[in-house]
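Please prepare a short briefing on the structure shown below, with the points grouped by topic.

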Amino acid sequence: MSHHIVLLPGDGIGPDIIQSSVKVIERVMALEGQPVTFSEHLLGGVAIDQTGVPLPDATKEAVVQADAVLLGAVGGPKWDQGPGHLRPEAGLLGLRKALGVYANLRPVKAYQELLGASPLREDVARQVDLLIIRELTGGVYFGERERGQLANGERFAKDTMYYAESEVRRVVKRGFEAARLRQKRLTSVDKANVLDSSRMWREIVMEMAGDYPDVKVEHALVDSCAMHLVTQPERFDVVVTENLFGDILSDEAAVLTGSIGLLPSASLGEGPGLYEPIHGSAPDIAGLGIANPLGTILSSALMLRYSFNMETAAKRIEDAVAAVLANGARTKDIARPGEQVLSTDAMTEAVLANL
Ligand code: NAD
């Protein structure tokens, strides 16, 4: 069975890092004896320039028919002035909607050789190896909202944190399944001491735990989780939480290792998964050939794991990245003063040589 991947290079450093990932995917799939095909489509600023809109219909049609989608990044100063619906970011939101992706997965792992880049003490940073799963399409960002005026003339504003049971179940299921592929520990994060939506979330997690007797479940309040992420990150293996809490915790987790160019993400629904590095289009270094391709290469490892069910191949990529870092290969963003700096292409070659 051939796997078809839709590539959305986007803007800035996007095309460079996507090209790197394609080389890695092609090599790994060849090693695994699995055929793979690619097609490239427009998204973001480049799509606005060529078609007038950030998410052209042709792109929308292609992504829903793909087996998986690999995205570089979108955006840049050139398109910052347009109206909201004609900005590159609108293309990103439209893409997530078209794919119906409701679970965002961000693994964050410390590499021994890069501990100095972490804002945490090295003995704490060393312990970071976790996966945050954030609910992506519900909660307070999508609930009913209202602005108005009270009888006394004061303004008021209201946002509603709403979840239907099915929305909670499907993302928590992702949490249990992901934990099974890791250390089999799941922390469900909520604010059940205050919020009803959290109390229902916690009830559902407890009900579902019976179906996963091999996974150890813990519940944590979001404030306590935020604290423990920086003091005892080893407490966490897989963390699953609702949209607002996940937005904040996943950004907190992202900086624990101090290297934004290295972090991958996956957004999953019932259809094709969407894979992208967590960083943006880095317009300040676009076209210089120095972008770190590892976040995107690691995103393609997630694609093999979660969309193609190819755990060995995913590990092969992750091990190759760990090996090049252990061997001292550094792009500019992760190099310390005096260290040799590799181009995007040279870093990609180093990964290929270690597969
Ligand atoms: P950014 O992540 O693009 O860049 C922040 C800093 O990190 C920059 O100095 C950049 O050079 C560096 N950096 C990022 N990725 C790197 C990599 N792979 N290798 C080396 N260095 C890297 O964030 P920003 O500057 O705030 O945003 C730039 C543009 O990207 C904006 O238009 C923003 O809207 C957009 N953006 C897009 C996405 C996305 O496509 N998902 C996400 C965030 C920001």
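Helix H1 (residues 14-32) has 19 residues, which at 1.5 Å a residue should span 27 Å, and its end C-alpha atoms are 27 Å apart, so the two values agree. The expected span is 1.5 Å times one less than the number of residues in the helix. This is a predicted model, in which local features need pLDDT of at least 70 and side-chain atom pairs count only at pLDDT 80 or more, while totals for chains, interfaces and linings use all residues. Residues are numbered from 1 along each chain as its sequence is written, and side-chain values use heavy atoms, with hydrogens and water left out.

**Helix H1**
- Helices (H or I, at least four residues) and strands (E, at least two) are DSSP runs numbered from the N terminus.
- Buried residues (under 20% relative accessible area, 1.4 Å probe, protein chains only; exposed is over 50%, partly exposed in between) of H1 include Gly 14, Ile 17, Ile 18, Val 22, Ile 25 and Met 29.
- Ser 20 and Ser 21 are also among the buried residues of H1.
- Gly 33 follows H1 and has a positive phi, near 70 degrees.

**Ligand site**
- The shell around the ligand has 20 residues, of which Glu 89, Gly 280, Ala 282, Asp 284 and Asn 292 come nearest; a residue is near a molecule if one of its heavy atoms lies within 4 Å of it.
- An oxygen atom of the ligand lies 2.8 Å from a side-chain N or O atom of Glu 89.
- For Asp 284, a side-chain N or O atom is 2.8 Å from an oxygen atom of the ligand.
- A nitrogen atom of the ligand is 3.1 Å from a side-chain N or O atom of His 279.
- The ligand taken alone exposes 810 Å², and the protein buries 68% of that (Shrake-Rupley method, 1.4 Å probe).

**Ser 188**
- Ser 188 is in strand S8 (residues 185-190).
- Ser 188 has 0% relative accessibility and therefore counts as buried.
- The side chains of Ser 188 and Trp 201 make a polar contact at 3.0 Å (a pair of N or O atoms within 3.5 Å, one able to donate a hydrogen and the other to accept it).
- Leaving out residues up to four places away in sequence, Ser 188 touches Trp 201, Val 205, Glu 218, His 219, Ala 220 and Val 240, where contact means heavy atoms within 4.5 Å.

**His 85**
- His 85 is in the loop between strand S3 (68-73) and helix H4 (88-99).
- The relative accessible area of His 85 is 58%, so His 85 is exposed.
- Not counting residues up to four places away in sequence, His 85 touches Pro 54 and Ala 90.
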